[in-house]
Amino acid sequence: MDLEVLIGNAIREVRKWEGGFGPYDRHASTHLDTDQVAGVLDEYTGRLRNNYPFFHPRYAGQMLKPPHPAAIAGYVAAMCINPNNHALDGGPATAEMELEVIRALSDMFALRQPTLGHLTSSGTIANIEALWVARNIHPGKSIAFSADAHYTHSRMCEVLGIATRKVPSDESGRMDVSALRRALRDGNVGTVVATAGTTGQGMVDPIDEIVAACQEYGVRVHVDGAYGGFYVLLGTSEFLSAETRRNLRAISRADSVVVDPHKHGLQPYGCGAVLFADPSVGRFYKHDSPYTYFTSDKLHLGEISLECSRAGAAAGALWMTLRLLPLTREGLGEVLAACRRAAIKWQELLAESKLLSPVGEPDLDIVTYFPSGGAASASEVSKASQSIFERGMAGDDPVFLSTLRVPTRRVRFGKSPIRRDKTQTVVLRSVLMKPEQEHYVEWLHQKVEKLAAG
Ligand SMILES: *Cc1c(COP(=O)(O)O)cnc(C)c1O
């Protein structure tokens, strides 16, 4: 169905409901002149052209793509009403939908029911909430995460006044478990953050072993699956390595999990989620707001979240999307499978290329590679990568990539490392999070090869 038709139908149904409350006059202060609106709209859409084409498969840069039409229609319909999911009486319908999608997300990870959880406005907010609960359960203890964990973990630990312990990553970019075990033996770690899909290279930490080690030491595990969490839907598929599948399945044994529907869940920004395996952590959320709750003594989402106002439309959009593309292998899993196949295909092309080399084996759908035709040292590779990145965007047949700084020891020509005149090397990175890219990687590869050739 056409997006314009879908949105039109959605708004029309909301207007019908509004009509049931009787006519009233809009206040003159909000009236607008039609010509003036048209002029401003022209200017506005003109300015919006100053964007990269996130929707197009030739955009293989950052984690960006437009929401699914179902999410847009669902969002627009609820936005016309503008419910606030802070409290049940701020938006009863979308608050109920939020509880339903939270249940679906925790079932996706096979967390023991009942769990406690809610949507948030982002992965960062979802993570800070999990870290805050971690601090309250183990006050005075530190939080450990890998060198490849999202940068906001150290920032949020600073906000919360929590000591941090950085665990080195191994050569592939996953948390080094023997280094973690050494940190756990010191005895001052209260919680370990494991990443399911690092933001840089999309690597899945050895969650299975991390959970086992943490259980020995009575340490909690928080899984940051903001990017890769949805890949658990491919848990039995041949497209992921047995190791990755095992580590994604191990999320079921975590104490808390974060996943971002606004990344791989086809949603517009403003939709993260945090889930807790033990619902009794709800006791940490003290609240004494005098005016928000009055129609129900059921659970209020505002009572179990750090944020106050939150778009009910975000929950509505996710609910509508998941009704159409459910959290199954055949539903949303099809989208992820296509992204993963795109990464496998590009990886094969990179491995055969004389001009480009892959940095490592990707676990999910982010490929990293570098120009290996002439450059032999870290600084030469960095310069050549930066040049491809910039030249790619120029001209009338552009390709959009991103760059990533990685430890130089990860960058190898075949089996031998490049000359390490710098500890960090800039490489190229492509996030293949659009299923359309499955049929576009040859084009992407040829385009980048041409840029690498000079
Ligand atoms: C994107 C990301 C975050 C931050 O989430 P936002 O929604 O951007 O705030 C945290 N962790 C990981 C692994 C991510 O990829």
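The structure is a predicted model, in which local features need pLDDT of at least 70 and side-chain atom pairs count only at pLDDT 80 or more, whereas totals for chains, interfaces and linings use all residues. Residues are numbered from 1 along each chain as its sequence is written, and side-chain values use heavy atoms, with hydrogens and water left out.

The chain is divided into domain 1 (77–324) and domain 2 (332–452), with bounds that come from an automatic or database domain assignment. The C-alpha centres of domain 1 and domain 2 are 30 Å apart, and 27 residues of domain 1 are in contact with 25 residues of domain 2, where contact means heavy atoms within 4.5 Å.

Pockets were located on a 1 Å grid over the protein atoms alone, a pocket being an open set of points where a 1.4 Å probe fits, with protein on both sides within 12 Å along at least five of seven lines, and lining residues being those with an atom within 4 Å of a point. Grid points are joined across faces, edges and corners, and a volume is the space filled by probe spheres set on the points. Strands β2 (142–146), β10 (402–407) and β13 (424–431) each supply at least two residues of the lining, and β10 gives the most, with five residues; helices (H or I, at least four residues) and strands (E, at least two) are DSSP runs, numbered from the N terminus. By class, the lining of the largest pocket holds seven nonpolar, eleven polar and six charged residues, with Ala, Val, Leu, Ile, Met, Phe, Trp, Tyr, Cys and Pro counted as nonpolar, Asp, Glu, Lys and Arg as charged, and the others, Gly among them, as polar.

The second largest pocket has a volume of about 470 Å³ and is lined by 20 residues, of which Pro358, Val359, Gly360, Glu361 and Arg410 lie nearest its centre. Its lining draws at least two residues from each of α12 (332–352), β8 (356–358) and β9 (366–371), the largest share, three residues, coming from β9. Seven nonpolar, seven polar and six charged residues make up this lining. The second largest pocket also lies between domain 1 and domain 2, because both give residues to its lining.

Among the local features, Ser305 is found in the loop between β7 (272–276) and α11 (312–324) and is buried, with a relative accessible area of 9%; buried means under 20% relative accessible area and exposed over 50%, with partly exposed in between (1.4 Å probe, protein chains only). A polar atom of the Ser305 side chain lies 3.1 Å from the backbone oxygen of Glu307, and, leaving aside neighbours within four places in sequence, Ser305 is in contact with His118, Glu129 and Tyr285.

In helix α8 (residues 207–217), the buried residues are Ile207, Asp208, Ile210, Val211, Ala213 and Cys214, and these pack against α7 (177–186), β4 (189–195), β5 (220–225) and α9 (242–249). Helix α8 is followed by Gly218, whose phi is positive, near 65°. Arg47, by contrast, lies in helix α2 (residues 34–48) and is exposed, with a relative accessible area of 64%.

Methods:
A polar contact is a pair of N or O atoms within 3.5 Å; within protein, one must be able to donate a hydrogen and the other to accept it, and residues adjacent in sequence count only if both atoms are side-chain atoms.
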